[in-house]
Amino acid sequence: MSIKRGQKVPGSKKPLGLRIYNHRWFYVMFAPVLVFITLFNYLPMFFIRYAFYDYKMAQEPVFVGLKHFEKLLKKQDFIRAFVNTFELSIVKLLLNTFMAVIISLLLNEIKNLKAKKAVQTLIYLPHFMSWVVTASVFRLILSPTNEGLVNSFLVNLGVINKDQMIYFLAEEKWWRPVYYIVNIWKDTGWGTIIYLATLSGISPELYEAAQIDGANRWNQMRFITLPSLANTIITVLILNLAKIMNLFESVFVMYNSAVYAVSDVIQTYVYRQTFGGGIPNYGYTTAVGLMSSIVGCVLVLICNYASKKVRGRGIV
Amino acid sequence: MRKSTQKFLSLGLSLALVFSLTACGSKDEPKADPTPAPTQGATDNNGGDATATPEAPVSEVEKPSVITVMIDGTVFTEPNGRAQFETALEAELGLDVQFTQPDHSGYYDAVGLTFAGSNWPDVVILGGSYYTNYASAGLLADITEYWDNSELKASGRITNVDAMEAIKVDGKLYGFTPARGNGCVTYVKKAWLDKAGLSVPTNYDEYLNMLKVFTESDMNDSGDPSNTYGVSAAGLVGTEAPYINYLPEFYQDAYPDFTQDESGKWIDGFSTDAMKAALQRLKDAYSAGYIDKETITNGTKDCRTKFFDDKFGVFTYWAGTWAFNLKNNLESNGKDGELVVLPPIAEMGSYVERQAPAWCITAKAENPEGIFKYFLEPMLDGGAVQTLWTYGVKGVHWDDKAETIKLTEDKELTFTEGQFHFLPSLEKPDTLLTKHHLDPMLSFATYVDNADPGISSVNPVAKDSSEKFNEWAVPAKMVVSNDTINEYNADLWDLRTQIITKVVTGDMSVEDGMNEYTSQSADMVQEILDSLNN
């Protein structure tokens with residue numbers, strides 16, 4: 001039976017209760033997700049109101065209006081953390097996406113299935129290491145002593161003298177490059193999964209037709225593979241943009257007081273404000289969190305708008 | 001999808017939800033029918049065996065049936081037999097004790113989050129600045145009266161009543177400290193001193209010279225004189241009061257927080273000339289390579305590992321049990337384990353004893369007097385309960401029967417009948433336990449009839465270090481707290497640690513550092529000083 005546009009689907013007149021009953025097992029399956037999201041995502045939103053209160057332990061919250069927002073916008077440390085969050089997140093996002101696409105393309109070119117699987121396994125593994133372990137490993141590798149692999153290498157190559165070893169994690173000019181490299185090492189492999197899935201979905205007929213037309217491998221990649229990946233790249237970028245204000249663990253395990261100027265992000269700033277001694281004012285730290293959530297939300301909306309303009313459709 | 005599959009999946013997911021939410025709830029239900037109350041100053045020392053409890057004293061204080069307690073990692077952890085300890089303690093106290101024990105390194109984060117909610121424990125351990133801050137903020141119960149009227153205080157077994165006086169906030173007591181706070185002393189590898197032909201330094205110049213020799217000579221016989229340095233520490237400044245205890249020879253009389261001058265007026269210690277001089281000393285030593293380059297990113301475990309690997313020769317670390325641990329680990333690594341406990345150099349005059357961690361009753365506890373009498377006071381009962389807190393449970397953590405304990409393939413220890421000895425750690429079976437929450441060398445109360453079952457087992461190295469520290473140390477300054485300080489504390493410490501790091505690592509001069517500190521903190525500091533002095 002064919003259904004024409006505008007024609008009602010048979011059965012759609014059934015009462016809602018009956019339709020729910022018919023699909024009851026799907027609803028039961030959905031229930032855990034609904035409960036979790038309600039409990040851990042939506043209910044906490046009610047406490048956003050504390051951004052407008054002085055809220056300290058054991059004291060009744062006192063409404064203070066926009067006081068915390070005025071205060072944080074005057075604070076140099078907050079502004080610095082805000083700018084750092086943007087810079088670190090966006091550069092990390094672009095680098096990780098770029099590297100993931102490149103590696104996906106290279107992996108896609110490997111014809112030996114066993115070799116391809118082996119490489120995939122190897123590059124996925126770092127994703128499963130905790131950030132604490134990752135930071136410890138890189139601290140050893142980057143140690144400014146004879147035990148540090150990188151410094152020893154540089155000394156042996158004659159690039160630096162023994163007394164000029166670089167303290168990568170405590171020098172402002174080195175911290176960010178190191179941070180980006182560690183992130184690429186850890187997350188690029190995992191990021192390739194979605195691109196490899198897209199690549200496997202490209203019709204081989206397109207490549208065959210291109211070959212018949214005389215396209216070499218570079219042109220096949222340029223005119224078939226990359227355009228096919230474009231939608232996925234944009235989608236991944238936009239989805240990840242929503243999370244750029246959430247930078248915490250990767251920074252927290254690698255930063256220190258010597259590099260706050262280039263490494264301190266909103267979440268680490270909130271952490272120190274909350275647990276850095278004294279009785280914290282949760283009102284202030286909630287205000288900082290709310291501010292970053294609003295910025296994240298605005299960013300997603302802007303990107304979605306840009307996507308609609310460029311591609312004719314958005315993703316949210 | 002087949003209907004049976006749908007059913008199976010949906011039931012599975014629902015069960016997963018139920019179990020995961022169950023994990024959010026309280027794990028223990030109050031136990032019914034608690035045993036009778038213990039007497040103060042129990043007469044046996046059976047180490048916590050769950051045996052019959054002596055008859056309860058006549059008391060007007062209501063005995064709580066359940067006490068919730070938040071503890072850090074100084075109490076035996078779950079893998080190390082906390083459940084057995086809990087059972088034995090409940091049997092001795094005759095009440096249900098419900099412990100919450102967050103990870104030790106994140107303990108104060110967990111405490112902060114707990115107090116931000118409504119489900120407070122009855123009792124919580126708080127150290128140094130946390131105790132003062134929480135007491136000042138009205139989060140803790142005033143126990144002055146309970147302590148003053150306690151049988152424990154009147155028992156004559158308390159060796160240091162002044163310690164309880166020292167933690168009073170505005171004349172009121174908010175915590176019970178069963179033991180001294182302990183602190184750090186400087187250990188020097190004797191083999192390195194001997195190899196360098198140096199005597200024990202007595203002043204800063206001699207100390208610095210020692211670091212210089214340790215840094216520039218091949219102290220670890222590796223053939224490479226460049227792979228050792230003088231001293232290492234976990235950070236250039238501590239994150240908790242007394243802040244300066246890991247590099248005391250450099251800080252000397254400097255104190256980087258608010259303190260009172262000789263006239264009793266509050267000043268910002270970070271802005272003083274003493275602090276400038278301290279920063280200059282640190283900067284000079286760091287640039288010369290005498291201080292471990294990785295001090296900024298070191299954790300305490302990193303320092304210990306480097307010390308055991310003979311990377312440096314001078315280590316300021318905890319007195320007492322740790323003296324033995326350091327020696328033992330050095331020897332396990334095939335190094336000479338003999339350590340000299342350095343007397344405070346002339347410029348320091350003394351070491352600093354940190355404010356003792358306090359057992360506090362929270363302001364929301366319903367029966368603080370009962371909790372004090374039936375939970376805190378027995379901690380130093382001079383008998384079974386004190387033994388539980390000091391050594392753990394007999395047969396689980398310690399024993400006195402004749403036995404041979406095999407720690408490793410080539411390490412066996414034999415004990416005779418009646419000889420007190422710790423048992424292997426349940427978590428690390430190749431290591432013997434060394435103590436429980438209370439260090440017998442630091443405890444404030446003697447045993448009834450001096451019948452401490454394990455005092456003879458205290459290692460002489462640990463004892464020596466502890467006795468020297470007790471002789472050389474002065475109590476740390478009490479951390480001050482009020483609403484204004486709480487408002488700016490995090491910002492000020494952010495700024496201070498950044499200035500210290502930048503100055504010491506050579507990014508700025510001491511003068512520039514101090515100028516930057518003043519320009520960024522002047523308003524905050526002035527407001528705090530006004531709140532303290534007016």
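**Loops, helix pairs and chain contacts in the predicted model**

B:Tyr243 sits in the loop between E5 and H10 of chain B, where helices (H or I, at least four residues) and strands (E, at least two) are DSSP runs numbered from the N terminus. This is a predicted model, with local features needing pLDDT of at least 70, side-chain atom pairs counting only at pLDDT 80 or more, and totals for chains, interfaces and linings using all residues. Residues are numbered from 1 along each chain as its sequence is written, while chains are lettered from A and ligands numbered from 1 in the order in which they are written.

B:Tyr243 has a positive phi of about 65 degrees although it is not a glycine. The residue is buried, with 26 other C-beta atoms within 10 Å; a residue counts as buried if 20 or more other C-beta atoms lie within 10 Å of its own, as exposed if 12 or fewer do, and as partly exposed in between, with C-beta atoms placed from the backbone. B:Pro242 belongs to the loop between strand E5 (229–231) and helix H10 (248–251) of chain B, and the peptide bond from B:Ala241 to B:Pro242 is cis, with omega near 10 degrees. Most residues other than glycine have a negative phi, and most peptide bonds are trans.

A positive phi also turns up at B:Asp310, at about 60 degrees, although this residue is not a glycine. B:Asp310 is in the loop between helix H12 (300–308) and strand E8 (312–318) of chain B, and is buried, with 21 other C-beta atoms within 10 Å.

As for the chain as a whole, chain B has 18 helices and 16 strands. Of its 534 residues, 47% are buried. Looking at contacts in chain B with a separation of 6 or more, 76% are between residues 24 or more positions apart; two residues are in contact if their C-beta atoms, placed from the backbone, lie within 7 Å.

Chain B divides into domain 1 (40–181 + 356–391) and domain 2 (184–353 + 478–533), with the bounds coming from an automatic or database domain assignment. The centres of domain 1 and domain 2 of chain B, taken over C-alpha atoms, are 33 Å apart. Domain 1 of chain B puts 8 residues into the contact and domain 2 of chain B puts in 9 residues. On the domain 1 side that touches domain 2 of chain B, there are no nonpolar, 7 polar and 1 charged residues. In this classing, Ala, Val, Leu, Ile, Met, Phe, Trp, Tyr, Cys and Pro count as nonpolar, Asp, Glu, Lys and Arg as charged, and the others, Gly among them, as polar.

Helix H13 (residues 321–332) of chain B packs against helix H16 (residues 460–472) of chain B at an angle of about 135 degrees, with their axes 6 Å apart. That angle makes H13(B) oblique to H16(B). Axes here are lines fitted to C-alpha atoms, for helices over the stretch in contact, and angles run from 0 to 180 degrees between N-to-C directions; those under 35 degrees count as roughly parallel, over 145 as roughly antiparallel, 65 to 115 as roughly perpendicular and the rest as oblique. H13(B) contributes B:Thr321, B:Ala323, B:Phe324 and B:Lys327 to the contact, and H16(B) contributes B:Val461, B:Ala462 and B:Ser465. By class, the residues of this contact of H13(B) with H16(B) are 4 nonpolar, 2 polar and 1 charged.

Over in chain A, helix H8 (residues 172–200) and H10(A) pack at about 145 degrees, with axes 10 Å apart. A:Ile194, A:Tyr195, A:Thr198 and A:Leu199 of H8(A) meet A:Thr225, A:Ser228, A:Leu229, A:Thr232 and A:Val236 of H10(A). These residues of the contact of H8(A) with H10(A) comprise 5 nonpolar, 4 polar and no charged. Helix H10 (residues 217–241) of chain A also holds A:Leu239, which is partly exposed, with 13 other C-beta atoms within 10 Å.

Finally, the two chains meet. The contact takes 33 residues from chain A and 39 residues from chain B. Helix H2 (24–42) and helix H13 (266–275) of chain A are the elements giving two or more residues to the side of chain A that touches chain B, and H2(A) gives the most, with 7 residues. That side of chain A has 19 nonpolar, 10 polar and 4 charged residues.
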